[in-house]
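The structure is shown first, and the description follows.

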Amino acid sequence: MKTAVFSARPYDRRFLDEANARDHAGQGFELAYFDAALDATTAGLAQGFDAVCVFVNDRLDAPVLRALHGLGVRAILLRCAGFNNVDLVAAAELGLLVARVPAYSPEAVAEHALALVMTLNRQTHRAYNRVREGNFMLDGLLGRTLHGKTVGIVGTGKIGLATARIFNGMGCTVLGNDPYPSPEFSAVGHYVALEELLARSDIVSLHCPLTPQTHHLINEESLGLMKPGAMLINTSRGALVNTDAVVRALKSRHLGHLAIDVYEQESALFFQDLSGEIIDDDLFQRLMTFPNVLVTGHQGFFTVEALQEICSITLRNLCDFASGAECQNRVVAA
Ligand code: NAI
């Protein structure tokens, strides 16, 4: 069973090789690693492979899927939970198995959301630099006590629930919005309509998947409903947020803080070292000029525990494909 692993970073190799040796010794999964992201120009690398293993910014639209199918590929293994980058209808028409890792340490992403909130609120990134330069002034580092504040969670699935539990534990009032309410969330928070959540929350944290319904969920109108000075956190998918509208809301001082681990145009930037390059994305560069904006490069999932789980489940999905067993992590078009 030959698998081409795209967008392979050193940590992907390490954790996939470890999982292959630990869980599948003797089964001979042959993994070939390619640094390149998968798209129409790189699909040819999959010649002679049975499966491709991909990540969040690999592009699996209909032309790429047709190209892969033509090369003999029959399975798409996602090393992530989200599957918005795969044309599931085209995959079904071609008879391709698409499998994902539905859950792997949701707490890893929830804890990163917390880290973003804490950093922005208490300016620890600025304090770190100041103290190293011998500047012990506190001016500009004033934060707010989070205890007693209201946190709105949009999408109360696995990660949203883990985030809600953290903020509940910190003494915050937690509000939630989800078309499928869960009793676990109701144990720590209250469900309200999205409009009420936006109007009441000091911090809004996005944890719903990217779908046609949630595309640009945060736009001029929804930003207008948010409390003046509120904080917006997005660790889910970039296109949940209209970045143009967010920049306008920051410039008008209506939006108080923004922290994002994901960005709509991230595929041209993230997971690469561009420190010696000129970045052409003017919108991203504008975001970088705000003192009240914090951006991380899609690292919410990036813990040892999560990577071990991702690689273990990815290879289990490959095992199901190889043996012809029903794959419980198969993704199908809604
Ligand atoms: P999940 O499937 O457990 O939960 C998603 C929740 O969103 C569900 O309860 C669903 O009913 C709800 N939802 C769907 N449409 C909605 C809408 N219009 N409004 C409000 N809620 C809605 O997914 P999980 O595991 O919690 O992951 C959430 C998202 O986090 C993923 O879709 C993925 O995009 C992102 N993610 C980001 C990572 C990172 O490294 N930054 C890592 C893993 C996931």
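A residue is near a molecule if one of its heavy atoms lies within 4 Å of it. The model is predicted, so local features need pLDDT of at least 70 and side-chain atom pairs count only at pLDDT 80 or more, while totals for chains, interfaces and linings use all residues. Residues are numbered from 1 along each chain as its sequence is written, and side-chain values use heavy atoms, with hydrogens and water left out.

The ligand has 22 residues around it, and Lys158, Ile159, Asp178, Thr235 and Phe301 come nearest. By class, this shell holds nine nonpolar, nine polar and four charged residues (Ala, Val, Leu, Ile, Met, Phe, Trp, Tyr, Cys and Pro count as nonpolar, Asp, Glu, Lys and Arg as charged, and the others, Gly among them, as polar). Polar contacts, here pairs of N or O atoms within 3.5 Å, are listed below.

| Residue | Protein atom | Ligand atom | Distance |
|---|---|---|---|
| Gly157 | backbone N or O | oxygen | 3.4 Å |
| Ile159 | polar backbone atom | oxygen | 2.8 Å |
| Asp261 | polar side-chain atom | nitrogen | 3.0 Å |

Taken alone, the ligand exposes 860 Å², of which the protein buries 84% (Shrake-Rupley method, 1.4 Å probe).

The ligand takes up the space of the largest pocket; a molecule sits in a pocket if more than half of its atoms lie within 2 Å of its grid points. On a 1 Å grid over the protein atoms alone, a pocket is an open set of points with protein on both sides within 12 Å along at least five of seven lines, a cavity is a set where a 1.4 Å probe fits but cannot get out, and lining residues have an atom within 4 Å of a point. The largest pocket contains about 1400 Å³ of space, a volume being the space filled by probe spheres set on the points. Its lining numbers 47 residues, with Gly82, Arg100, Cys208, Pro209 and Leu210 nearest the centre. They divide into 27 nonpolar, 14 polar and six charged. Helix α6 (158–169) is among the elements supplying at least two lining residues, and its three are the largest share.

The structure also holds three cavities of 30 Å³ or more. The largest cavity has a volume of about 50 Å³, and its lining includes Asn234, Thr243, Tyr263 and Glu264. Six residues of that lining are nonpolar, three polar and one charged.

Key. A polar contact is a pair of N or O atoms within 3.5 Å; within protein, one must be able to donate a hydrogen and the other to accept it, and residues adjacent in sequence count only if both atoms are side-chain atoms. Helices (H or I, at least four residues) and strands (E, at least two) are DSSP runs, numbered from the N terminus.
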